Each structure stands twice: as structure tokens, then as C-alpha cells.
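Subject: Structure handover

Hello,

Here is the structure for you to take over. My notes on it follow below.

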Amino acid sequence: MSQEKQCHCAEIQEEELYPRLEEVIKEHKGKGEDLIMVLHKAQNLFGYLPRKAQELVAEGLNVSLNEVYGVITFYNFFSTVPQGRNSVKICLGTACYVRGSQEVLDKAQKELGIKVGGTTEDRRYSLDVVRCIGACGLAPAMLVNDDVYGRVKSPHLLDIIEKYE
Amino acid sequence: MIKATINNVDIEVPEGTNILWAAKKAGFTIPTLCNHPDLEPGGQCGICVVEIEGIPGLKRACMTPIGEGFKVRTHTPRVMATRKQLVELILSNHDTDCLTCVKNNNCELQQLAATLGINVLDYPKFEEKLPIDHTSVSIVRDPNKCILCGRCIQVCSKVQTVNALAVNHRGCDTLITTAFDAGLGNSVCINCGQCVVHCPVGALYERSAAEEVWEAIHDPDKFVVVQEAPAVRVMLGEEFGMPTGSLVSGKMHAALRRLGFDAVLETNFTADLTIMEEGTELISRLTSGKNLPLITSCSPGWIKFMETFYHDMIPHMSTAKSPQQMFGALAKTYYAQVKGIDPAKIVSVSIMPCTAKKFECQRPEMNASGYQDVDYVLTTREIGRMMREAGLDIKEMPDEPPDDILGEYTGAATIFGATGGVMEAAVRSAYRLVTGKELEDVEIKPVRGLKGIKEAEIDIEGTKVKVAVAHSCGQARELLDKVQDQIAKDGKSEYQFIEVMACPGGCVGGGGQSWGSNMAKRARRGESLYEEDRSLPLRRSHENPSVLAIYEKFLEKPNSEKAHKLLHTHYYKRSAVDGKILPG
């Protein structure tokens, strides 16, 4: 999708969320020990942790920006990229892996043009890996949002994900 | 006192002593990679493991206080095998191109691998070439060499309270980086280089200007002038195996001349000049009572720290440039004029104990001469290497004086290199400026030494001036917080004059000093500067004949319009996110 056609409503909404973040920060002003809690709340607000939010949290809680960044990059739960409208999760559990899920993952990264943990520019897809979703009998398996797909072969990947706008 | 044995040797040490230091008492050096005498032990590397009888598992000597009756063994087969394995694991993902590494022959990991006799690597090499951080004009960071010992973080966050570096990411991807992995040049890094001098390996080093300087020296059309900071004369000897703190002023001049510089001048000359400008500024602020305390501005690491974290202190800063930059402005104006040299042909090089000076000389406002005032800054390490490359040994050099007319200096200038020195030099001259009389006892002992924040009250014929000295940005922060509180509460501070140096110990502890330094060495170098001060015939800046001459022939008087144009500067507010100048 070209830049001109891209809608900016996501960013506009994001701007509107900052006053709410300020309120959260106010409750924890100067309390560095509340960092993880505040980051949780911030991520709940934005769906991820934009750079500006990280800067505001650091300033408000009186911790260094690098401490905030260190915590965010350490804990898998936190994300610094916005989540896409659809979450594609490829299982790399043992059964799926031996039945070729790495190939599916490689294909997904190539087709979407993003790495694991990334989001496409149009925010249509986010790509992640999971370790076993209890569908080993269907290996290799993947999830798109709440839908489970089994016996996925890399040539079928696009047919599956294109159903999701 | 605790009684214990180390490898059957009886020892008695104070309670709380860790096994690492206790073992030293018994004559055993336990190897370590992350421990540093000036930093708190962190236990990251695990190399210092030992066995203690009756206690299961191995213990890290740096993190374990010795207990009553402990029987410690420091080199059992199990301990030695574990250490080897740990070092092999580090080497398995370490860029081991030692021959082309800046730390070749000075690397603690290299030495440890040799000490432990590691000659076969049992683990396959796992190397992912990560990009080297070249964003800073002062410091280069190579993550491929980093062993994640955390010394740089400890000194950056605890000693300097800058927090430019931290552990980011996780597991195999763990890296020591700046916020957002933006690179040191896009961070709050103040370029002090304390991370560089604490790094055990080649992961942090200065951005070298040696090639550019060689090129200038070999260019017959260029006239290359060199200035040397006060602290360099008590550091350079170490680069040639001389005892710590050896005073080599004369030998340094001789070696620089032989290296090919066209004029060997002195930062010490402009240190004396700084005192004239800053001393005059102090008197005028004391008279007007405005913007007190006056705070010194010689340390470029401190300047960026203040610009980033203490915006409200900008009016308190002395507007006097640092001696390096005063020299730069004069070399391409006054010196060029008197010597009849086209300033466009002058290449101005400075030898500094400092990495932040590289940043300072490239600040866009530092061009009062119409050119970049100082072209290249070399650290003590870089000039030491260049001298060795040219086959020069400082030990073999005769003592030679610097060249005129920017070379003469007094004892007041030379002590600039030690914490408290600028303050002491300023007081020596301020006394004269206020009273018209000379201060008889020029030695102001309370501001000397490595104590945290030093205070003194100076009596200038009835006028009491309360001064304070801080070295390291952590101590500066403590002092400034106090000043801020006092100003907020009473409208004024108890202090009238404050000296701040970014590095612990002052410039003798700068980021450009020889590898393998510690506080004891910094102290020794400082003492040598005070020795030179005592040995010089003139010990007050206002007695320097070349300084008097420059005012008479060129600058008119201290703080004159011309002096302001060339020798004074202004400061910016910087972002605490990326260190960049804020708009407005």
C-alpha cells in the first residue's frame, strides 16, 4: 500500500491517548519501583510502547530512559512496535518444527517483509512465534487471531492470511 | 577481625572483607574480568570462583565475604577447570582479532587467556558480526568485543549518574547499548570516557585522530601547532613504562618536536589565561552579587552534563572557554599574526587526557578565529602510540622548553590537571585582583586530594568566599542539588565559587589516560602536578610574562570586548533523551 493512501487514524487516536498516560504517570510520580506496573498500563493503553510514551514514563517516574528501555527489551511481553489488526502466530514447538514449521515461518517473513515480532507497515499483520499450542496432531500448526490452522504448507500460507483484512 | 586460611596460609582480615581481597593478603591473586578496584563487585563474570571447605558449590570470591574459620582453596582442579570453561565460553563469541584490536597487549581477556593457558577452544565459534557504533565523535563502541562485564554501566550510572549505557535485550541477544539502541552520539553520553578506561577489553575506545594528524605533519604546506594539557605531562611516561605519575614536561616537548610538530606550545599557557578571564569574572560577580555561585567551565564532559541535566545552572557557568579552546582561538589569530603565518595553513592539534575534548573541539560555536579553532584532539594513549610508531621513547628524551609565544606557564596552570587545581589557581589570582596584594601562602590544601566534595572558606581581606570542589558527575549532581535547594529556599547559595571536573580525580583521571588505571594512580599523578607547581619559579597566573604580553599587545585587558569574542562562549539546553540541542 502506498504512503498516500495510508490512513493516519491510528496515529491520531494514539495522540489522544497521551492525556490518559499522563494520568497514570501522575499516580506513580517519582516512583521508579513502579516502572513495570506503569509500563503494563501504558501498553494496555496503546497496544504497544511508543517511544514518546517511554520518554514520558522515564521522566515521570524519575528513572533513566535507558532503564526503561532495558526493562522493555528484556521482557518479552512488552512491544515497541504497534500490533497489527491480525496476529499471525506460527508454532515452533517440537512436533511442528520437525514437520517443517520453520519453512512456513521463513515464508511468512519473506511474504510479509517483516521479522518475528514485527508489524507490517499497513498494520494489517503482526508476526510472532509460539511454542506449542496443543495442536501437535495437526503439525505444523499456526494461529491467525483465534483461528487454528493445521497441516500448513508454505505454499498455502498466503491463501490463509489473505482472508484477514 | 576474621581468622581464616587461604590455601593453608593463615590470614586475619577485617570483617566484611571479600575473599578476593583476603586472598591477596595471603599472596594469591584470584583472576577476574569484571572486578575493578574502583567499582563495587558485581559478580558478572564468574571467573573468580573458589572452593570453600564444607560449603557446596563454587563461590564467587568477589561477592563472598570471608567468614570465621573459612578454609578457602583458590586453584583446585575443579576451580581451574571452571575458570577455563568460562573463558572459553567468552572466547567462543568474542571477536578474537587481537592483532588488529586497539587493546592488543593491554587486554585483560587476552592476559587472562594467557594466564590460564588456554590454547585449544573446545567450543565452536559463535560469531554474529554486529555493527560497530561510530555515532559519537569521541567514543567508539564495538559490541563484538564486549564481554558484558558491566563495568562501563556501573561507572556510567553509579559514578557519573549519566546512564547513557545499560544492559538491553535478553539472552543471547543481550547488548550493552544506549536507549533505543540509538548509539552513543545520539544519547545523553557526555563523552567523559570513563567507560573506556574501565573496559577490560577492546569494546570501548576513543575515535582516533592519529591518521589525520600524521597527514598534517607530513604535509609541507601545513604549519602544525600542538598544545598539551596539564595532566598529560604526568601521564605520558606511563605509556613508556615509567612509574605512575612521572613528570615528563620537558621530555614531552622534545618528543613532540621530534615527531614533527612545527611549534610545540602549551595548554598550560591558556590555563593561566583562563585564570585571568575567570578570575575577573568571579570578581565582577562577587561585586554585583548576580549569578552566584560561579561555576568553572574547563571540563567539556561536565559542560555537556550540565547542559543536559541542569539547564537552570547555565547562568551560573563561567563564560570563559576551556584552556584548549582559548588556545585554539589564539593560535589562528594572535599567534598567526605575530609569527606571520596564514591561519588557513595552521593545523591546531591538542594532546589531552580526555575523550570529551574531541567533542568540544567540534562544537559548532568553537570557531572564533574564523576557522575550526582546534582541528584534532589526541588522547595520551594516541600520542604515546604515535611516538612509539616514530621510534621515540620518552625516557630517552632530553628536557626541552616549549616554544614561544603560547608556551610559557606558571605553577597555577599545571595544577589544573588535578581536582581542585582550577579553584586553587583562581584564588591565587583573585586575591591579587581584589586586594592588589599577593597571597603569601599560595597552597590551598583543603581543595586538594580525592575526598568527595571539598569545601573551603577563603578570606580575601575580610571578604569571605565559600568555595566547593566536585570531581565526577555523581558528586557534581549531589553538590548542584544542594545548590538548587538553597537557591529555591533562601534565594541564594552558601557557595560563591564552585569547581567541577567530570572525571574522578580531575583530568589526571580522564578518559584519555593510559589503560589499566585506578584511583591510586590518579592520586599519584595529581601529586606530581603539585610537585611541578612547587618547582616552578612563578606560581601565580597573573605573573606569567607571556600572559601579560598578550593582554598588552592583543587582548587589551581581561574580559575586554576582544577577549569576549575570542575567549568566551555560551551554552545550550540539551535534551535528556538524546543529548541534542533543544530549540530556543
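**Two helices in chain B**

Helix H8 (residues 267-288) of chain B packs against helix H14 (residues 421-435) of chain B at an angle of about 60 degrees, and their axes are 9 Å apart. Axes here are lines fitted to C-alpha atoms, for helices over the stretch in contact, and angles run from 0 to 180 degrees between N-to-C directions. Helices (H or I, at least four residues) and strands (E, at least two) are DSSP runs numbered from the N terminus. H8(B) and H14(B) are therefore oblique to each other; angles under 35 degrees count as roughly parallel, over 145 as roughly antiparallel, 65 to 115 as roughly perpendicular, and the rest as oblique.

H8(B) passes H14(B) in a right-handed crossing. A crossing is right-handed if the near helix is turned clockwise from the far one by less than a right angle, and left-handed if anticlockwise. On the H8(B) side the contact involves B:Ile275, B:Met276, B:Glu278, B:Gly279, B:Thr280, B:Leu282 and B:Ile283, which meet B:Ala425, B:Ala426, B:Ser429, B:Ala430, B:Leu433 and B:Val434 in H14(B). By class, the residues of this contact between H8(B) and H14(B) are nine nonpolar, three polar and one charged. Two residues are in contact if their C-beta atoms, placed from the backbone, lie within 7 Å. Ala, Val, Leu, Ile, Met, Phe, Trp, Tyr, Cys and Pro count as nonpolar, Asp, Glu, Lys and Arg as charged, and the others, Gly among them, as polar.

**Source and numbering**

This is a predicted model, in which local features need pLDDT of at least 70 and side-chain atom pairs count only at pLDDT 80 or more, while totals for chains, interfaces and linings use all residues. Residues are numbered from 1 along each chain as its sequence is written, and chains are lettered from A and ligands numbered from 1 in the order in which they are written.

**Chain B: domains and strands**

Chain B is divided into domain 1 (2-90) and domain 2 (211-567), with bounds that come from an automatic or database domain assignment. Taken over C-alpha atoms, the centres of domain 1 of chain B and domain 2 of chain B are separated by 43 Å.

Strand S1 (residues 2-6) of chain B runs antiparallel to strand S2 (residues 9-13) of chain B, and five bridges join them. Two strands pair if DSSP finds at least two bridges between them. B:Thr5 has B:Asp10 in S2(B) as its bridge partner. S1(B) and S2(B) form a hairpin with two residues between them, and B:Asn7 in the turn has a positive phi of about 50 degrees. S1(B) is also joined to strand S5 (residues 71-73) of chain B, by two bridges and in parallel. There, B:Ile6 stands opposite B:Val72 in S5(B).

Chain B also has an open sheet of four strands in the order S11-S10-S13-S14, with parallel pairing. Its edge strands are S11 (263-264) and S14 (376-379) of chain B, each of which pairs on one side only. Helix H12 (residues 380-389) of chain B packs on this sheet and touches S13 and S14 of chain B; the direction of H12 makes about 85 degrees with that of S14(B). Within the sheet, strand S10 (residues 223-228) of chain B and strand S13 (residues 346-352) of chain B pair in the parallel sense over six bridges. The bridge partner of B:Glu228 in S13(B) is B:Ile351.

**Chain A**

Chain A has seven helices and four strands, in the sequence pattern α-α-α-α-β-α-α-β-β-β-α. Its C-alpha trace spans about 50 × 40 × 25 Å along the principal axes. The domain assignment gives domain 1 (9-74) and domain 2 (86-161) of chain A, and their C-alpha centres lie 30 Å apart.

The axes of helix H2 (residues 35-46) of chain A and helix H4 (residues 65-74) of chain A come within 11 Å and cross at roughly 70 degrees. That makes H2(A) roughly perpendicular to H4(A). In this contact A:Leu35, A:Ile36 and A:Leu39 in H2(A) meet A:Val68, A:Val71 and A:Ile72 in H4(A). The contact of H2(A) with H4(A) has six nonpolar, no polar and no charged residues.

Strand S1 (residues 86-91) of chain A runs parallel to strand S2 (residues 125-130) of chain A, joined by six bridges. A:Cys91 stands opposite A:Val130 in S2(A). Three bridges join S1(A) to strand S3 (residues 142-144) of chain A, in the antiparallel sense.

Regards
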